[in-house]
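Reader: I've just opened this one. Walk me through it, please.

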Amino acid sequence: QVQLVESGGGLVQAGGSLRLSCVASGSIVDINGMLWYRQAPGKEREMVALITSGEYTNYLTSVKARFTISSDNTKNTVYLQMNGLEPVDTAVYYCVAGRVRLDPVVIIIHDYWGQGTQVTVSS
């Protein structure tokens, strides 16, 4: 079993920055990908960013220029640096650990979810 604990959320004004952290513990065997998802009130859940053990990254188009996902394997931690935050970024952000295949097609198995951390951006 893998446990994921997110932190770093909070209230910030538009244009501000936050860095989310996700620490994984337990058995991470077979896990080769970490993702951030978010869900805003009344809206569908969406993938924000992805990183694999091979350092492949992918982002939601609307955040690509503003967010950066990174990982520190020595600390079993994945980060999401969020700059230029906008009110539309307000959501609960979830860390996900899973298995990712990129070739020949992209397949993502979402094995474990964190509890989420609230990000609120005011105008």
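Reader: Where is Pro104 found?

Author: Pro104 is in the loop between E9 and strand E10, residues 107-113. Strands are DSSP runs of E with at least two residues, helices are runs of H or I with at least four, and numbering starts at the N terminus.

Reader: What about the peptide bond from Asp103 to Pro104?

Author: That bond is cis, with omega near 5°.

Reader: Before we go on, what kind of model is this, and what pLDDT do local features need?

Author: The model is predicted: local features need pLDDT of at least 70 and side-chain atom pairs count only at pLDDT 80 or more, while totals for chains, interfaces and linings use all residues. Residues are numbered from 1 along each chain as its sequence is written, and side-chain values use heavy atoms, with hydrogens and water left out.

Reader: OK. How many bridges join E9 to E10?

Author: Six, and the two strands run antiparallel. Two strands count as paired if DSSP finds at least two bridges between them.

Reader: Which residue in E10 is the bridge partner of Gly98?

Author: His110. E9 and E10 also make a hairpin, with five residues between them.

Reader: Staying in E9: is Val96 buried or exposed?

Author: Val96 lies in strand E9. Val96 counts as buried because its relative accessibility is 0%. The cut-offs are under 20% relative accessible area for buried, over 50% for exposed, and partly exposed in between, using a 1.4 Å probe and protein chains only.

Reader: What separation do the C-alpha atoms of Val96 and Leu50 have?

Author: 9.3 Å, although the two residues are 46 apart along the chain.

Reader: What distance does the polar contact between the side chains of Asp89 and Arg38 have?

Author: 3.0 Å. A polar contact is a pair of N or O atoms within 3.5 Å; within protein, one must be able to donate a hydrogen and the other to accept it, and residues adjacent in sequence count only if both atoms are side-chain atoms.

Reader: Sheets, then. In what order do the four strands of the open sheet come?

Author: E1-E3-E8-E7, with antiparallel pairing. The edges are E1 (2-7) and E7 (67-72), and each of these pairs on one side only. Neighbouring strands in this sheet are turned by 15° against each other on average, direction ignored. Axes are lines fitted to C-alpha atoms, for helices over the stretch in contact, and angles run from 0 to 180 degrees between N-to-C directions.

Reader: How many bridges join E3 to E8?

Author: Six, between residues 18-26 of E3 and 77-82 of E8, running antiparallel. Cys22 stands opposite Val78 of E8.

Reader: And what faces Phe67 in E8?

Author: Met82 does. E7 and E8 pair over six bridges, in the antiparallel sense. They form a hairpin with four residues between them, and Asn76 in the turn has a positive phi of about 50°.

Reader: How exposed is Asn76?

Author: Asn76 is partly exposed, at 34% relative accessible area.

Reader: What phi does Asp30 have?

Author: A positive one, about 80°, although Asp30 is not a glycine. Asp30 is in the loop between E3 and E4 and, at 61% relative accessibility, counts as exposed.

Reader: Last topic. What volume does the largest pocket have?

Author: About 280 Å³. There are 19 lining residues, and those closest to the centre are Ile28, Ile31, Gly33, Met34 and Asn73.

Reader: How are pocket and volume defined?

Author: On a 1 Å grid over the protein atoms alone, a pocket is an open set of points with protein on both sides within 12 Å along at least five of seven lines; a cavity is a set where a 1.4 Å probe fits but cannot get out, and lining residues have an atom within 4 Å of a point. Grid points are joined across faces, edges and corners, and the volume is the space filled by probe spheres set on the points.

Reader: Which strands each supply at least two residues of the lining of the largest pocket?

Author: E1, E4 (33-39), E5 (46-52), E7 and E8. By class, the lining has nine nonpolar, eight polar and two charged residues. Nonpolar covers Ala, Val, Leu, Ile, Met, Phe, Trp, Tyr, Cys and Pro; charged covers Asp, Glu, Lys and Arg; the others, Gly among them, are polar.
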